[in-house]
Amino acid sequence: MRQTWLTACCWLACVLAAPAQTPARQPRPAPANLPETNPYTSPADIATGRALYNGRCGHCHGQNGEGGRGATLNTGRFRHGGSDRELFLTIRQGIPGTEMPGAFNLPEMEIWRMVGYVQQLGRQGASDPSPGDAKAGAVVYERSGCAQCHTIEGRGAFVGPDLSDIGARRAVRYLRESIVEPNADVPLDFRSITVTDAKGTSTSGIHLNEDEYSVHLRDLSGNLRSFMKKELADVTLPRQSMMPAYGALSPADLENLVAYLGSLRPTRSNP
Amino acid sequence: MKNLRTVLLAVTVSLAAGQAAKGQLPPPAGLPVTYERLLNAAAEPGNWLTYSGDYRSHHYSRLDQITVDNVHRLRAKWIYQMHRTKVETTPIVVDGVMYVTRPPSDVIALDAETGRALWTFEHRLPGRVYTCCGEVNRGLAILGSTLFLTTLDAQLIALDARSGRVLWRKTLADPALNYTATGAPLAVKDKVIVGIAGAEGGIRGFLDAYDAKTGERAWRFWTVPAPGEPGSETWGGGDAWRHGGASTWLTGSYDPDLNLLYWGTGNPGPDYNGDVRPGDNLYSCSLLALDLDTGRLKWHFQFTPHDTRDWDATQVPVLLDSATGRKLVVVPSRNGFHYVLDRTTGEFLLAKPFVKQTWAKEIDKKGRPVMNPGQEPTYDGNDSIFPGVDGGHNWMSPSYHPGTRLLYFNAREERRRFFKTDAPEFRPGEPYFGGGGGGGARFRPEESWGKLVAMVPETGEIRWEHRILAPPWAGVLSTAGNLVFSATPAGNFYALDARTGKELWHFNGGDRVFASPITFLSRGRQLVTIPIGDVLIAFGVD
């Protein structure tokens, strides 16, 4: 029986992950004698870093570090560490379990130059507050049934991304867009998939893994499912998000919800 | 007399090959591996004697114990743990001993029956070495009882195959100036032919020949001519030639009748900003035909003049003869076109795209591309160029099957973003890119995929394709058992019917594959090996 998405609710296109069919590269150890401070910080180095950033990073993090599909980089707060050395390692090795790839093939000097430019972006010290009321937004979150798909601090469902620290990871602008227009950017780790067997029975869920012979998903009930492609009549990966658009929210409710999500930051239990 | 000896040897080995076809091959011959044996390497299917299996680079085996009928019984026999990343090596096998390299520049002799190490040679690198694309090594050459290894710090090392002890070392070029070496040498007659890498670091490329016994350099062909030399007029008259790239980092082929080496060259430098090097930039992105004895250029063919997309033309050139007996060399090129040339004269005969390509309006009658506008890297980034930076084809070995007369190779359908930065200054230890060609995170996975292509090499007609999920880095092996072996980035090692493309078997190795399968005999039984992730796995039929 074909599953439907009527129960799918607040689906924020937030968490990013590498395509499952490509095994993650093994993290490489930090280079020996990696300096604590960036040795490449001349204006020419920063200019090169900017060009490299624009070509490689800007699409996800925004051309000015304002964030988007990737984290904001213009606030001066870096979730995985803001020292030169920490930024170097984050850029070089990527962030496991996310869509942030490592710059494995870039020479160290080029990575340092990007570190210099990212530090410059961070010095903008931009803040990105929502005009809404976070406390009222929490009520909107509950009332709209967002927890039927999302999790905050362990409460909720597992269909959509965990939002426990979403305010630290995504810009307010991106959160607003994801609520009103979820299809604007569907993260690879939360793409929907529908498989149909030879008898016409369809199963839908979140695409977890796939190779030439098999495909794996988590269905709406949270079950981990595995299918052999030769036993399937059809495999569909729609480009649409499973999350319905919440354009019908009143402007006040929308801003309050955005403010609430923007206020969610890492806690001790969720570092 | 020499010819008569060669013919007798060929007949003898052919008889042995005939017995192999019945599964009755005598034990493979051991050391020393003479030049005469290398000339007839294809007739010794129990061994794997050169990087590409033979001088024609067919990457094909006459072994037929494993067939379309029993390949479903193929099972893993042993695993050798490399504990290294990005294993790109193709082993040499002689009489049940496998000689294999692992990153960065080590050699291990393995018992091919059990996968147990017999000796290990570890090369210590002198501190930091500039490499563009990982600490990789693609394999060895053998002549007599000597193995030849190139190292990341641009050395050529001769090792005794029985002990792993060093016989001599030669420095190819100064690694402090970004020269490095990653490819398998080719041993021909009394010489060892060695390529160089580092075009992403601003080297001036060359191809070298060394005396196999003494290590003395016999000749060097500079792939970027100095001012006043033929081709120097294609570099704009400045100093760009000094760092012009045109590396030679894969292994070429050899025609003994013409006494010609065929070797591909890499991109010009800087990779993505061609402003400092106006002109065609010879002999970058070219196929060279060089006299083996002298290193003199007989002819050249440039696939991509004035490249700005890092489309090296180092791909393995495959030598074959047409139905009418014409001597051909075919190259599925990184730029997305399959080329057919007359290997005697270098005459261009045909070019046909095998992946989506947008950069060339056409290839004209002389083989020169007619460019489409808007197909250069830009400061803001250009994601309208196909194929991607890694090309339609790359270092992964193709395979030519003399029975089906088809060429099999892996192709990459890929979308990437090309961007340009200001032209860099050359500095030791620093890259010399002038831009980049990555940015895959911006595209959906469906925009990039792969396929194993079965092509009529003389015409470029694609007979069948085997689609895989993501663009592959694995090479292809075809065998007289009418099988084609290859692997996917998802880690699946698989076998197809060489005639139809029907899939017959697969094994999930669980990690990406950057290397090519080979096959050989161990204790009279056919094994197939391939590196998957950081392990080398041997398969056989019970």
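**Contacts, packing and pairing in a predicted two-chain model**

The contact between the chains takes 24 residues from chain A and 28 from chain B. Contact here means C-beta atoms, placed from the backbone, within 7 Å. This is a predicted model: local features need pLDDT of at least 70, side-chain atom pairs count only at pLDDT 80 or more, and totals for chains, interfaces and linings use all residues. Residues are numbered from 1 along each chain as its sequence is written, with chains lettered from A and ligands numbered from 1 in the order in which they are written.

Q: Why is Ala538(B) called buried?
A: Buried needs 20 or more other C-beta atoms within 10 Å of the residue's own (12 or fewer is exposed, in between is partly exposed; C-beta atoms are placed from the backbone). Ala538(B) has 22 C-beta neighbours inside 10 Å, so Ala538(B) counts as buried. Ala538(B) sits in strand β37 (residues 535–541) of chain B. Leaving out residues up to four places away in sequence, Ala538(B) touches Lys77(B), Trp78(B), Gly115(B), Leu527(B) and Thr529(B).

Q: Why are α5(A) and α8(A) called roughly perpendicular?
A: Helix α5 (residues 134–143) and helix α8 (residues 251–262) of chain A pack at about 100°, with axes 7 Å apart. Angles of 65 to 115 degrees count as roughly perpendicular (under 35 roughly parallel, over 145 roughly antiparallel, the rest oblique). α5(A) and α8(A) are therefore roughly perpendicular to each other.

Q: What makes up the contact of α5(A) with α8(A), by class?
A: Nine nonpolar, two polar and one charged residues. Among those in α5(A) are Ala134(A) and Tyr141(A); among those in α8(A) are Asp253(A) and Leu257(A).

Q: How do you know that β21 and β22 of chain B pair?
A: Pairing requires at least two bridges found by DSSP. Strand β21 (residues 337–342) and β22(B) have five, in the antiparallel sense. Leu341(B) stands opposite Phe348(B) in β22(B).

Q: What makes β19 and β22 of chain B edge strands?
A: The open antiparallel sheet runs β19-β20-β21-β22 in chain B. β19 (318–321) and β22 (348–353) each pair on one side only.

Methods:
Two residues are in contact if their C-beta atoms, placed from the backbone, lie within 7 Å. Helices (H or I, at least four residues) and strands (E, at least two) are DSSP runs, numbered from the N terminus. Axes are lines fitted to C-alpha atoms, for helices over the stretch in contact, and angles run from 0 to 180 degrees between N-to-C directions. Ala, Val, Leu, Ile, Met, Phe, Trp, Tyr, Cys and Pro count as nonpolar, Asp, Glu, Lys and Arg as charged, and the others, Gly among them, as polar.
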